[in-house]
Amino acid sequence: MSRCPPREQVDDFALHGGELASHVASCPRCAARAGWVQREAEVVRKWAAQDDAAVAELWGGVQSRIRAARRRWWLAGGVAVAAAAALAVVFLRPARETEATESATLAIESAEVQYRRAAEVLEVEAEARARTPEQRTAIAQARRSLVRARSAGAHDAAARIRVLEGYAAYLRSLRRALRDGQ
Amino acid sequence: MLFERHAPAVRRFAGNLVRDPHDAGDVTQETFARAHGRLARLNDDARFRSWVLGIARIVALDLIGERRREQPPAVTGQVVELDATPEAALLDGEAEKVLFEEMERLSADRRAVLLLRLDQELGYGEIAESMGWTLQKVKNEIHRARRQMRDGILRYLRRTR
């Protein structure tokens, strides 16, 4: 009798056959193991088959769910546009500028970079899932609104902090859209 | 076409996890609806089956969680070594009933991994991808599921002797 192979190989042999036939035939231990695995698989399949059922009538439900997901996505996309557009309105109106200190400017710029990176990741995902040109346009509009708000803020520290708040709202909208679209 | 080809396996797998025909239908519908939305991300059609079964598992587990029906994994007691082996006991028709009960006792994830291997006949690598687990974790969980089944048979033998 040759040396016993690892248990995993005996299990694979029991399920799919293969090269171990001669060893298993001459080894009572491996033969018992293979016999157990085969019988176990047989019982598991029999147990699993209890839940077999017709599926043809489920297709209508799948289509309804796809349509509902599209509607949710469109609404969520609308929220993203609304959030960004509202911020743009706030920032485009004349504001009293408050000069930021150098360290505050650096902190704000760093935070903006982080937000932009996070938004880029989510935007890629959202654009991949967008099913209509309108949805892709909605995302592009939201992004443009934030860029305009950022430019309008210029060196006004308070305005730029509010741009950061805008990014946060935009990210939340994108995340909600992706979650609802699942 | 994908639905026609794969829905029976998904429906069966969903039913095996949620153990309710109506819920199994819901899980199947939701699985294919989600798969439709993510299809663009699947760059290998050959992987569709393991991929869609992975989605079905997530949907089923969500539903189980929502309904708080998940049973804690059965606590396996100390295995008593007996002269009669589980292999021999499996020849006995009564033992089949015991194994059916053990299937019900397995935690949803452990049951899923065992079914993917033995019923859906996926390879370890496919299961790892489907479950989002490492290969080693897949092997460990399959081993534990089998041990749990085997312990059930040994307990049955202890009772009947």
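Biologist: How many residue pairs are in polar contact across the interface of chain B and chain A?

Modeller: This is a predicted model, and the count takes pairs in which both residues have a pLDDT of 80 or more. Across the interface of chain B and chain A, the number of residue pairs in polar contact is 20.

Biologist: Which helix gives the most to the side of chain B that touches chain A?

Modeller: Several helices of chain B each supply at least two residues of that side, including α1 (2-18), α5 (93-105) and α8 (135-160). With 11 residues, the helix that gives the most is α2(B).

Biologist: How many charged residues has the side of chain B that touches chain A?

Modeller: In total, 42 residues of chain B are in contact with 37 residues of chain A. By class, the side of chain B that touches chain A has 16 nonpolar and 8 polar residues, and the number of charged residues is 18.

Biologist: What area is buried between chain B and chain A?

Modeller: The size of an interface is often given as the accessible area lost when the parts come together. Carbon and sulfur atoms give 59% of the area buried between chain B and chain A. That buried area is about 3900 Å².

Biologist: How many salt bridges does the rule find across the interface of chain B and chain A?

Modeller: Side chains of opposite charge can pair when their charged atoms come close. Over all chains, the structure holds 23 salt bridges. Across the interface of chain B and chain A, the number found is 11.

Biologist: Which residue of chain B forms a salt bridge with D12(A)?

Modeller: The closest N and O atoms of this pair are 2.3 Å apart. The pair crosses between chains, from helix α1 (residues 7-16) of chain A to helix α6 of chain B. The partner of D12(A) is R117(B).

Biologist: How many residues apart are E112(A) and R116(A) in helix α5 of chain A?

Modeller: The side chains of E112(A) and R116(A) meet in a salt bridge, with 3.8 Å from N to O. E112(A) is buried at a relative accessible area of 2%, whereas R116(A) is partly exposed at 35%. Both lie in helix α5 (residues 102-129), and about one helical turn separates them because they are apart by 4 residues.

Biologist: Which residue forms a salt bridge with R39(A)?

Modeller: R39(A) is buried, with a relative accessible area of 17%. The closest N and O atoms are 3.1 Å apart, and the partner is E42(A).

Biologist: Where in chain B is R19(B) found?

Modeller: R19(B) has a phi near 60 degrees, a positive value in a residue other than glycine. Its relative accessible area of 29% makes R19(B) partly exposed. R19(B) is found in the loop between α1 and α2.

Biologist: How many helices has chain A?

Modeller: Read along the sequence, chain A follows the pattern α-α-α-α-α-α-α. Buried residues make up 39% of its 182 residues. Chain A has 0 strands, and its number of helices is 7.

Key. Residues numbered from 1 in each chain as written. Chains lettered and ligands numbered in written order. Predicted model: local features only at pLDDT ≥ 70, side-chain atom pairs only at ≥ 80, totals over all residues. Heavy atoms only, no water. Contact = heavy atoms within 4.5 Å. Buried area = accessible area lost by both parts, 1.4 Å probe. Salt bridge = Lys/Arg side-chain N within 4 Å of Asp/Glu carboxyl O. Polar contact = N/O pair within 3.5 Å; in protein donor to acceptor, adjacent residues only side chain to side chain. Nonpolar A, V, L, I, M, F, W, Y, C, P; charged D, E, K, R; others polar. Buried < 20%, exposed > 50% of the residue type's maximum accessible area, 1.4 Å probe, protein only.
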